Amino acid sequence: MKLLIMRHGEATPLVDIDANRALTNRGHAEARSAVESVVERGERPQILFVSPYLRAQQTAAEVQCLVPEIELVTIDCLIPEASPADLITFLEKSTETNIILVSHQPLVSLLIGYLTGQQIYMGTASVALIESDIWAKQQGELKWVI
């Protein structure tokens, strides 16, 4: 199974509610470039799970532009303060084998650490590919990070 973990692009500074922060122009360009790199590597995920926060939704829209056949599903267990263990429980119930997640720090880095045992800091619009036979603690292999 393949899991692409993507952090949203650069967002505006916090002014009111964190969930309402939008991507900057640079953030849109970062997200588009990252998705182009993923597609150039031959990855075509089947389903996109995305945080309900605006900046993640806007990043997911960039994914849909380049992978128009992808199904988008918004899930609450991708918000910044979510637990990697709760997200793994959700993934275990999924029948999809080629998934992309769009979420936030610190969750994206914590999830990579949980699945692989490797500590990776995910900058804006970073994408990591993890492959595994099962979604469980330290059972995944980190293939690459862009």
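These legends go with a set of close-up views of a predicted model.

**View 1. The largest nonpolar core and who sits in it.**
Let's start on the inside. The largest nonpolar core has 23 residues, and the ones that touch the most other members are Leu3, Ile5, Phe49, Leu87, Leu91, Leu101 and Leu111. Strands E1 (2–7), E2 (47–50), E4 and E5 each give at least two residues to this core, and so do helix H3 (84–93) and helix H4. Which element supplies the largest share? That would be H4, with 5 residues. There is also another core apart from this one, made of 19 residues, including Met6, Ala56, Ile100 and Ala125.

**View 2. Leucine 111 and its contacts.**
Leucine 111 is one of the residues that touch the most other members of the largest core. Leave out its neighbours within four places in sequence, and leucine 111 is still in contact with Leu3, Ile5, Pro84, Leu87, Ile88 and Leu101. Leu111 also belongs to the buried residues of H4.

**View 3. Helix H4 under cover.**
How many of the 10 residues of H4 are buried? The count is 8, so H4 is largely enclosed by the rest of the structure. The buried ones are Leu107, Val108, Ser109, Leu111, Ile112, Gly113, Leu115 and Thr116. Their cover includes strands E1, E4, E5 and E6, along with helix H3.

**View 4. Helices H3 and H4 crossing.**
To describe two packed helices, you give the angle between their axes and the distance between the axes. For H3 and H4, the axes come within 9 Å and cross at roughly 70 degrees. That angle makes H3 roughly perpendicular to H4. The crossing is right-handed. On the H3 side you'll find Pro84, Ala85, Leu87 and Ile88, and they meet Leu107, Leu110, Leu111, Tyr114 and Leu115 of H4.

**View 5. Helices H1 and H2 crossing.**
Here is another helix pair. The axes of H1 (residues 25–40) and H2 come within 9 Å, and they cross at roughly 40 degrees. Are these helices parallel or oblique to each other? They are oblique. H1 passes H2 in a right-handed crossing. His28, Ala31, Arg32, Val35 and Glu36 are the H1 residues here, and they meet Gln58, Thr59, Glu62, Val63 and Leu66 in H2.

**View 6. Serine 51, tucked away in a loop.**
Look for serine 51 in the loop between E2 and helix H2 (54–66). Is serine 51 buried or exposed? It is buried, because its relative accessible area is 0%, and buried means under 20%. The side chain of serine 51 makes a polar contact of 2.7 Å with the side chain of histidine 104. A polar atom of the serine 51 side chain also lies 3.1 Å from the backbone nitrogen of tyrosine 53. Not counting residues up to four places away in sequence, serine 51 touches Ala56, Gln57, Thr74, Ile75, Leu78, Ile79, Val102 and His104.

**View 7. Valine 127 in strand E5.**
Valine 127 has its place in strand E5. With a relative accessible area of 1%, valine 127 is buried. Skipping residues up to four places away in sequence, valine 127 touches Leu4, Ile5, Met6, Ala34, Val38, Met122, Trp144, Val145 and Ile146. As for leucine 72, it is 55 residues from valine 127 in sequence and 17 Å from it in space, C-alpha to C-alpha.

Which residues does a cis peptide bond join? They are glutamine 105 and proline 106, and omega there is about 5 degrees. Proline 106 is in the loop between strand E4 (98–103) and helix H4 (107–116). Next, alanine 125 has a positive phi of about 60 degrees, even though it is not a glycine. You'll spot alanine 125 in the loop between H4 and strand E5 (127–131), and at 7% relative accessibility it counts as buried. Glutamine 138, also not a glycine, has a positive phi near 55 degrees. Its loop runs between E5 and strand E6 (141–145).

Notes
Residues numbered from 1 in each chain as written. Predicted model: local features only at pLDDT ≥ 70, side-chain atom pairs only at ≥ 80, totals over all residues. Heavy atoms only, no water. Helix = DSSP H or I, 4+ residues; strand = E, 2+ residues; numbered from the N terminus. Buried < 20%, exposed > 50% of the residue type's maximum accessible area, 1.4 Å probe, protein only. Core = buried A, V, L, I, M, F, W, Y, C linked by side-chain atoms within 4.5 Å. Contact = heavy atoms within 4.5 Å. Polar contact = N/O pair within 3.5 Å; in protein donor to acceptor, adjacent residues only side chain to side chain. Axes fitted to C-alpha atoms, helices over the stretch in contact; angles between N-to-C directions. Parallel < 35°, antiparallel > 145°, perpendicular 65-115°, else oblique. Left-handed = near helix turned anticlockwise from the far one by under 90°.
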